[in-house]
Amino acid sequence: MSQMKHFGLILTLLTFFTTSNAQDVVSVIEGKQVKVTEAAETKAEYDAVIAPYRSQVNRDLDKILAYNPVILDKSKGQWQSNIGDLMAKITFEKGNKVFEERTKKKVDVCILNHGGIRAMIGQGNITARNAFEVMPFENAAVVIEIEGKYLVDFVTYFIKEKKPHPIAGLTFTITASGVAKDIKVNNEPIVLDKVYNLVTNDYLASGGDKMEFLKKSTKTHVLDYKLRDMIIDYFIDVDIIKVPTDIKVTQE
């Protein structure tokens, strides 16, 4: 229910008994919406039960995992953002590890969406809470097998959108007339009928964010790995966050 974040739903059941049989029959269901705001009062007995769990969750979320030397912000940069480059790098590397272990094949490309990044990461200590803020959704990584011509469709979409959608393994140049040239996958010219292994999230693989071309894939490999967990695992793996600096998109 999309409004559960903002509203609590209270259902009152009025039960009436029939005389023809001994069963209880619900004949009327009434309900009302109660708006939940910061002004809503809490009950001490409920807080007493929740408090130990809340404390444990906060301890886990606030444990320092790594250090971030620069502010990571998706609004900085026309065609690439430092946080987008980092998210694509993490998804590419973590997704490739699982995919290669299961299939003995490698991931070629990573595509994510700019709108999926929901927060910046400030300079300083990094915690699991940062990962939840950046990626609050339950999106999981999948690898789809897709022909090169549909990656070209993505590049066209990318240029039209004018947003720094995170990518890895894919490079191209935007000409003065606003079209793409020199599209390459892992530094090799793209082959339109070649099947590439693309790691993305399940939302985009199903055509989300108007990426309908990704639904043209011939096979999907579910990795059972949430993007948020990939980020947390990366934080645990490193002492200092290292943001990629390679140029993926150039403009004439």
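Keep in mind as you click around that the model is predicted.

Now step back and select residues 148-161, which make up α4. The helix has 14 residues and spans 20 Å from first C-alpha to last, close to the 20 Å expected at 1.5 Å a residue. Colour G148, Y150, L151, F154, V155, Y157, F158 and I159, and you have a set of buried residues in α4.

Next, pick E147 and K149. They form a salt bridge, with the closest N and O atoms 4.0 Å apart. E147 is partly exposed at 22% relative accessibility, and K149 is partly exposed too, at 38%.

Show the side chains of D62 and R129, which meet at 2.7 Å, N to O. This pair ties together distant parts of the chain, 67 residues apart: D62 sits in the loop between α1 (44-61) and β3 (64-68), while R129 belongs to helix α3 (residues 128-134). D62 has a relative accessible area of 41%, so call it partly exposed; R129, at 27%, also counts as partly exposed.

Then jump to K215 and E212, another salt bridge, where the closest N and O atoms are 3.3 Å apart. K215 is partly exposed at 47%, and E212 is partly exposed at 45%.

For the last stop, select D85, D246 and K248 together: salt bridges with shared partners join them into one network.

Notes:
Residues numbered from 1 in each chain as written. Predicted model: local features only at pLDDT ≥ 70, side-chain atom pairs only at ≥ 80, totals over all residues. Heavy atoms only, no water. Helix = DSSP H or I, 4+ residues; strand = E, 2+ residues; numbered from the N terminus. Expected span 1.5 Å × (residues − 1). Buried < 20%, exposed > 50% of the residue type's maximum accessible area, 1.4 Å probe, protein only.
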